[in-house]
Amino acid sequence: MTDARPLHLVPTESAPSGPVAGPSTSATLPEPAADDLVAGFPAVSPDGVQDRLAGWLSDFTSLHEHTELLARTRGLPAALETVLASGAALLGAPRGLVTTTARGSGRPVGLGLDRAGIGALETVPAEHGPFAGLLSRPSETGRLMITDLAEDPGVGHRFREVAAQLGLGACYALTLATEQDGPLAAAVWFYDEPARPDERRRQLVERYCEFAAPLLSRQLEADTAVRATGALRRSLLPDHLPVLPGVRLAVRYRPAALEHSCGSDWYDAVALPDGSLGLTVGSVSADRPGAGPGAAAGAAAAMGRVRAALRAYAVLEGEDPVSVLGDLELLLKTTEPNRSATAVYACVQPQERRVTLAGAGHCPPVLVGRHGADFVETSLSAPLGMLSCWEAPGVEFTAERGDVLVLCTEGLARRLGPTLHAGQAALRRAAADAPRDVRLDPDRLCAHLLETLLGDEPQDGARDDLVLLAVRFE
């Protein structure tokens, strides 16, 4: 049977282990009478009073534990997973699914359901599925209970089919909504057999969802801000690499998690008017020492300004990397006085395979050749904006046909060892050990280096951006 009612929580006297909310503990309990009824109340023995109070205390304790766990959760995916897990524990249901109304917030999150199971449930028409009416008419329908998915006549054909396929016997669904925002999400919990959660369990999970909705609202707002800042960062980087005779280019970019990041990395490749190629990677710091995650958006905007300025300097005097970085340092001190930056800029003559480069406090490039891999040792120099006057000599060399020049930012090296130098050494070894057929293609080489060095390392908690920019000389 389908039970769809407005979401109003009313204490019940029929809960087997005591309701979530009951009469005030200061109220006078009725004395038993001869007919076991006083003012319409059944007789309550002292032992019965203790059992009921113990039930209330157990319910409040359980509810407090679950709400406290949710309050400590950070990030939208983790919050949705916590809501599902806590609701399942309160209802005694082994599986669940939650979806949000916010666009771009990702696919539905499942509990006890694999990707194929979630995908199958997504094929159920919205009006006949487990969330029917919960998001489209939240003021009319706050909950949905289907006690037998195989027999209830209100269950749509596709939902019945998917339920049989996944072994779902019953479901209980709730809207998560706030007065200010309206419906934010809907969660459904599934039983393996036909079932009807008792009033006490429904009271618990409904109270829990009332608490969860405002927290979920804030997580959705934060998620929207994170996605907007992430889109800003990507929009400030090149959408393609130039194609020039004599060289092939490839890049890999992995941004740090915005809640941890306080700097922003860039890369660029500019086809210059004289037929040469300008290559650069670098990193802009936060606006002040010790700035926290809230500085990520400001650092990304500053990165965009610095990269745009460097492009202009590359077009004007790209054949002289020292002048390019010197002009960039002057601009940084003038317009971004609270920031510093590290950078490498290289001017490549594709036909002659001649490279001139300079670095400012940045990781040295790696030149991968037929006999191994070595650092292109730029002279020791301070980051831009740190000293009263930045100065460093340039480096010039000629690559052989088939060599690959790899530029990277510190984010990669810092993930590979206890120190920056140890991480750089690990990168050089991985490049030297790359199979010959991999080195023939800069794109495959970048992929190989990341797979070899990082493997399946999750990127969600990364604190530094990561850039690999590779150029192969044909």
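Salt bridges, strands and cores in a predicted model

A search of the whole structure, which is a predicted model, finds 16 salt bridges.

Me: Is E199 buried, partly exposed or exposed?
Reply: E199 forms a salt bridge with R202 at 2.5 Å, N to O, and both residues lie in helix α5, three residues apart, which is about one turn of the helix. R202 has a relative accessible area of 6% and is buried. Because buried means under 20% and exposed means over 50%, the relative accessible area of 25% makes E199 partly exposed.

Me: How many residues apart in sequence are the parts tied together by the pair D268 and R307?
Reply: The side chains of D268 and R307 meet in a salt bridge of 3.1 Å, N to O, and both residues are buried. D268 belongs to strand β10 (residues 264-271) and R307 to helix α6 (residues 296-317), so the pair ties together parts whose separation in sequence is 39 residues.

Me: Which residues are linked with R248 in a network of salt bridges?
Reply: Here the salt bridges link three residues, R248 among them, into a network.

Me: Why is strand β8 largely enclosed by the rest of the structure?
Reply: Strand β8 covers residues 182-191 and pairs with strand β7 (residues 170-178) in the antiparallel sense over nine bridges, the two forming a hairpin with three residues between them. Strand β4 (residues 95-100) also runs antiparallel to β8, joined to it by six bridges. The strand is largely enclosed because, of its ten residues, those that are buried number eight.

Me: What is the bridge partner of G96 in β8?
Reply: The pairing of β4 with β8 is antiparallel, as is that of β7 with β8. In the latter pairing, L176 has A185 as its bridge partner in β8, whereas the bridge partner of G96 in β8 is W189.

Me: Which residues touch the most other members of the largest nonpolar core?
Reply: The largest nonpolar core holds 51 residues, and apart from it lies another core, of 32 residues, which includes A185, W189, C209 and A212. L279 touches, beyond residues up to four places away in sequence, L249, D268, A269, V344, Y345, A346, V348, L469 and V471. The members of the largest core that touch the most others are W266, L277, L279, Y345, V355, F397 and L405.

Me: What separates the C-alpha atoms of L468 and T409, in Å?
Reply: L468 is found in strand β18 (residues 466-473) and counts as buried, at 0% relative accessibility. Leaving aside neighbours within four places in sequence, L468 is in contact with A250, V251, R252, V406, L407, C408, L412, C446, L449 and L450. Although L468 and T409 are 59 residues apart along the chain, the separation of their C-alpha atoms is 7.1 Å.

Note on methods
Residues numbered from 1 in each chain as written. Predicted model: local features only at pLDDT ≥ 70, side-chain atom pairs only at ≥ 80, totals over all residues. Heavy atoms only, no water. Core = buried A, V, L, I, M, F, W, Y, C linked by side-chain atoms within 4.5 Å. Buried < 20%, exposed > 50% of the residue type's maximum accessible area, 1.4 Å probe, protein only. Contact = heavy atoms within 4.5 Å. Helix = DSSP H or I, 4+ residues; strand = E, 2+ residues; numbered from the N terminus. Pairing = 2+ DSSP bridges. Salt bridge = Lys/Arg side-chain N within 4 Å of Asp/Glu carboxyl O.
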